[in-house]
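Grab a pencil and work through the exercises below with the model open beside you. Each one sets a task and then walks through the solution.

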Amino acid sequence: MPRFSRGYDTVEAEAWLARRDRRLGTWIRRLGPIDPDPRWRRTFDPVDALARAILFQQLSGKAASTIVGRVEVAIGSARLHSDTLGRIDDATLRACGVSGNKALALRDLAAREARGEIPDLRRMSVMDADAIVAALVPIRGIGRWTVEMMLMFRLGRPDVLPVDDLGIRKGAQLVDRSDEMPKPRELAARGERWGPYRTHAALYLWRIADSAATVTPTNRSQG
């Protein structure tokens with residue numbers, strides 16, 4: 001059974017994308033290289049990462065970090081898992097600032113982990129991206145985008161394109177000089193030429209969208 005490595009050759013990815021897509025290649029030269037993410041080489045616990053993703057949803061980083069810290073104190077551990085989360089009841093979670101919906105999501109995650117339904121890193125190493133998405137999106141509070149972020153930034157899978165992400169869609173609009181952002185299905189079709197490095201294309205599309213957002217109206221009119 002083939003194993004999927006964590007990370008990829010970013011220099012090779014940039015050269016490939018520039019050859020396959022001249023418009024994107026122009027932006028790649030303008031923005032410069034994107035280095036490998038150091039998180040690709042760090043071990044992590046998927047269950048704990050998913051629990052934290054649930055707690056961070058729809059909150060500022062500071063507010064979410066405060067709530068996570070309270071939960072860690074309440075469970076007496078920095079590891080969010082079925083065994084540690086089982087130490088506290090829902091009322092205690094609410095007292096930590098966890099909403100009712102997020103508490104239900106954490107309980108569902110913990111129950112699925114206890115039943116062996118959440119793949120660990122070793123199992124993920126032999127699963128393709130679609131299989132990992134299929135395994136994790138049934139968890140309450142975990143959508144495809146959350147799993148795609150794990151695939152890109154923690155597992156280092158090279159060929160992931162989050163077509164529902166507004167920043168990526170905006171970047172694609174700027175690359176193609178279009179009047180409207182592409183619809184997710186259109187972006188998926190547009191991204192076929194970027195494979196097998198759609199992850200790296202997505203990283204550039206985010207940067208392109210961010211660079212445009214920093215341009216002042218005056219500078220834009222002069223361009």
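**Exercise 1. Find what Val-147 touches, leaving out residues up to four places away in sequence.**

Step 1: list the partners. Val-147 is in contact (heavy atoms within 4.5 Å) with Ile-132, Val-133, Leu-136, Val-137 and Ile-142.

Step 2: Val-137 lies 10 residues from Val-147 along the chain, and their C-alpha atoms are 7.4 Å apart.

Step 3: Val-147 belongs to helix α10, residues 144–153; helices here are DSSP runs of H or I with at least four residues, strands are runs of E with at least two, and numbering starts at the N terminus.

Step 4: look at accessibility. Val-147 has a relative accessible area of 0%, so it is buried (buried is under 20%, exposed over 50%, partly exposed in between, with a 1.4 Å probe and protein chains only).

Before going on, some ground rules: this is a predicted model, where local features need pLDDT of at least 70 and side-chain atom pairs count only at pLDDT 80 or more, while totals for chains, interfaces and linings use all residues. Residues are numbered from 1 along each chain as its sequence is written, and side-chain values use heavy atoms, with hydrogens and water left out.

**Exercise 2. Is Glu-148 buried or exposed, and what does it touch?**

Step 1: Glu-148 also sits in helix α10.

Step 2: its relative accessible area is 6%, so Glu-148 is buried.

Step 3: skipping residues up to four places away in sequence, Glu-148 touches Val-160, Leu-161 and Pro-162.

**Exercise 3. Sort out the aromatic pairs around Tyr-8.**

Step 1: Rings of Phe, Tyr and Trp (its six-membered ring) pair if their centres lie within 6.5 Å; planes under 30 degrees apart are stacked, over 60 edge-to-face, and the rest tilted. That rule gives three aromatic pairs.

Step 2: take Tyr-8 and Trp-40. Their ring centres are 4.8 Å apart and the planes meet at 40 degrees, so call this pair tilted. The partners are 32 residues apart: Tyr-8 is in the segment before α1 (10–20), and Trp-40 is in the loop between α2 (22–31) and α3 (46–56).

Step 3: check burial. Tyr-8 comes in at 12% relative accessibility and counts as buried; Trp-40 is buried too, at 5%.

Step 4: now Tyr-8 and Tyr-197. With centres 6.0 Å apart and planes at 45 degrees, this pair is tilted. Tyr-197 lies in the loop between α12 (184–190) and α13 (198–213), 189 residues from Tyr-8.

Step 5: Tyr-8, Trp-40 and Tyr-197 make one aromatic cluster.

**Exercise 4. Which charged ends sit over the rings of Trp-27 and Phe-44?**

Step 1: apply the test, which wants NZ of Lys or CZ of Arg within 6 Å of the ring centre and within 35 degrees of the ring normal.

Step 2: Arg-30 has its charged end over the ring of Trp-27, 4.3 Å from the centre.

Step 3: over Phe-44 you'll find the charged end of Arg-154, 4.3 Å from the ring centre.

**Exercise 5. How far apart are the end C-alpha atoms of helix α7?**

Step 1: the expected span is 1.5 Å times one less than the number of residues.

Step 2: α7 (residues 100–114) has 15 residues and should span 21 Å; its end C-alpha atoms are 21 Å apart, so the two agree.

Step 3: look just past the helix, where Gly-116 takes a positive phi of about 80 degrees.
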